[in-house]
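The sequence and the structure are shown first, followed by the main points by topic.

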Amino acid sequence: MNDFNRDRYGRPVITQVDGSTLPYTRISSYGQNLENQTGLTQWKLRTVVAGAATRPDLISLASAHAGDNKQIDRLVQEMLDAGGASKAANTGTAIHEVLAQLDAGSLARTDVPDSFLGYMQTWYTCIEAFGFEVIPQMVELKLVNDHYQAAGSGDNFLYRTSDGKLVAVDKKTGKSVMNKPLAYMVQLALYATSYEYDIATGQRSALPNIDTDVAY
């Protein structure tokens, strides 16, 4: 699936009405400043130490580049990766991608790799139990919220069979959603009040019949 044009910080670069471009904040990270970051910071510090313990070469490089913040930042990321920081993120990304392909109809359920079968069954059992249906055309939509200068990709807008409304839904693969409840609520609110964005043309299209009171 096509991604946004991004600046060097990874922010989506959005075309404005006058043809100029402006970097927007990622919707997925927009509300993170509202959360207490102590737990995340402690986890990162522990992971850096664990990674450095397995990579003495990185410690040597850090000593050689003392005072070079750019190089130290790069080495910190390598230590994080060595400590396993990217493992959970990579797994979550893979789950999202497989489920998105299923929802969009580009992957058949019979072709899903065995390691993803449990996630597939859980996802479809859940949405069917709550009275939702997948809309293949509304999977991984590129969205912009110009009022808040935010942009991102919405996992799903599901069709609610009880009243025909569309509901913003974001899949989470972490251990708990309760560690960042405010950030997640902001994320979903931005999805539900955004416009669909055409990356090639910059055109915005209103989303039809969206429930702006409830999201999941």
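Helix α1 (residues 38-54) packs against helix α3 at an angle of about 85°, and their axes lie 7 Å apart. At that angle, α1 is roughly perpendicular to α3. The model is predicted, and its chain contains 6 helices and 9 strands.

**Contact of α1 with α3**

- From α1, the residues Lys 44, Thr 47, Val 48, Gly 51, Ala 52 and Thr 54 take part in the contact; from α3, they are met by Val 76, Met 79, Leu 80 and Ala 82.
- By class, this contact of α1 with α3 comprises 6 nonpolar, 3 polar and 1 charged residues.

**Contact of α2 with α3**

- Helix α2 (residues 56-64) packs against α3 (residues 69-82) at an angle of about 165°, with 10 Å between the two axes.
- Because angles over 145 degrees count as roughly antiparallel, α2 is described as roughly antiparallel to α3.
- The crossing in which α2 passes α3 is left-handed.
- Leu 58, Ile 59, Leu 61 and Ala 62 are the α2 residues in this contact, and their counterparts in α3 are Ile 72, Leu 75, Glu 78 and Met 79.
- The residues of the contact of α2 with α3 comprise 7 nonpolar and 1 charged, with no polar residue.

**Strand β5 and its partners**

- Strand β5 (residues 139-145) is mostly covered, with 7 of its 7 residues buried.
- Strand β6 (residues 150-160) runs antiparallel to β5 and is joined to it by 6 bridges.
- Within that pairing, Leu 141 lies opposite Gly 154 of β6.
- The hairpin of β5 and β6 has 4 residues between the strands, and Gln 149 adopts a positive phi near 50° there.
- Strand β8 (residues 195-197) is likewise antiparallel to β5, and 2 bridges join the two strands.
- Leu 143 has Glu 196 in β8 as its bridge partner.

**The chain as a whole**

- The C-alpha trace spans about 60 × 50 × 35 Å along its principal axes.
- Of the 216 residues in the chain, 34% count as buried.
- Among contacts between residues at least 6 apart in sequence, 57% join residues at least 24 apart.

Definitions and conventions. Residues are numbered from 1 along each chain as its sequence is written. This is a predicted model: local features need pLDDT of at least 70, side-chain atom pairs count only at pLDDT 80 or more; totals for chains, interfaces and linings use all residues. Side-chain values use heavy atoms; hydrogens and water are left out. Axes are lines fitted to C-alpha atoms, for helices over the stretch in contact, and angles run from 0 to 180 degrees between N-to-C directions. Angles under 35 degrees count as roughly parallel, over 145 as roughly antiparallel, 65 to 115 as roughly perpendicular and the rest as oblique. A crossing is left-handed if the near helix is turned anticlockwise from the far one by less than a right angle, and right-handed if clockwise. Contact means heavy atoms within 4.5 Å. Ala, Val, Leu, Ile, Met, Phe, Trp, Tyr, Cys and Pro count as nonpolar, Asp, Glu, Lys and Arg as charged, and the others, Gly among them, as polar. Buried means under 20% relative accessible area, exposed over 50%, partly exposed in between (1.4 Å probe, protein chains only). Two strands pair if DSSP finds at least two bridges between them.
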